Amino acid sequence: MIKRYMVWDMDGTLIDSMDMWNNLTDEYLESQGIAASEYVDLGERLETLSLSEGAVLLAERFPHLGQPSEIAGQINDLLAHHYREHLPLKPGVEEALNILSVQKVHMCVASATPQSLIQSCLARLGVLHYFDFILSCESLNTSKREPRIYWEAAHRWEVNPGEVAVCEDAYHALETAQAAGFYTVAVFDKASSHQWQACVNLADECITDMRSAFAMT
């Protein structure tokens with residue numbers, strides 16, 4: 001079921017980046033000489049936080065790394081390299097976006113990734129023009145544990161949440177959107193396959209293959 005308004009998550013939904021995200025803390029902390037055994041308990045907490053929130057948590061655990069703003073800046077440099085150089089679209093995404101665009105579906109991106117990196121990545125991949133606007137948890141000072149970013153999309157389009165489909169690969173984001181009254185679409189990603197059945201049980205609709213998901217619409 002296509003809605004006339006669709007909010008797309010980026011990482012794990014539009015682009016194949018979750019392996020990079022899953023290894024980002026390791027990459028950063030190892031570059032600072034910190035062994036994995038010193039932060040193993042932070043893994044699940046960091047998964048659902050925005051960059052600035054994660055930096056606060058790391059600054060609390062490792063004060064010698066500096067202020068949260070310094071940590072966020074260093075991590076942002078790592079992210080910028082990945083997003084601007086080599087992260088690819090997931091298979092079938094460009095075709096799906098084109099089909100939806102032809103059908104006059106309004107689309108935006110809502111991501112925990114910093115806005116400048118969302119824009120540079122999607123521009124490099126040639127799909128930025130499909131979206132009416134870009135929303136970042138970082139810019140809105142929120143996370144996807146709260147519905148603010150989805151409400152902002154509905155507000156900009158001047159529609160009710162029930163008229164908007166939210167496409168996400170992460171269970172916690174789908175849960176947030178559904179509780180706020182949005183139509184939810186679970187998108188399969190191999191990096192979060194352990195949550196897939198829970199996503200299927202929760203969401204209004206599921207996509208396992210972007211290539212064929214909208215082909216018959």
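1. Over the ring of which residue does the charged end of Arg156 sit? The charged end of Arg156 sits over the ring of Phe133, 5.1 Å from its centre, where the term requires NZ of Lys or CZ of Arg within 6 Å of the ring centre and within 35 degrees of the ring normal. The charged end of Lys3 likewise sits over the ring of Tyr183, 4.9 Å from its centre.

2. This is a predicted model, in which local features need pLDDT of at least 70 and side-chain atom pairs count only at pLDDT 80 or more, while totals for chains, interfaces and linings use all residues. Residues are numbered from 1 along each chain as its sequence is written, and side-chain values use heavy atoms, with hydrogens and water left out.

3. The structure holds five aromatic pairs (rings of Phe, Tyr and Trp, the last by its six-membered ring, with centres within 6.5 Å; planes under 30 degrees apart are stacked, over 60 edge-to-face, the rest tilted). One of them is the tilted pair of Tyr5 and Trp157, at 5.3 Å centre to centre and 50 degrees between the planes. Because Tyr5 lies in strand S1 (residues 5-8) and Trp157 in helix H8 (residues 148-157), this pair ties together parts 152 residues apart in sequence (helices, H or I, of at least four residues and strands, E, of at least two are DSSP runs, numbered from the N terminus).

4. Tyr5 is buried at 18% relative accessible area, and Trp157 is buried at 10% (buried is under 20%, exposed over 50%, partly exposed in between, with a 1.4 Å probe and protein chains only). Tyr5, Phe133 and Trp157 form one aromatic cluster.
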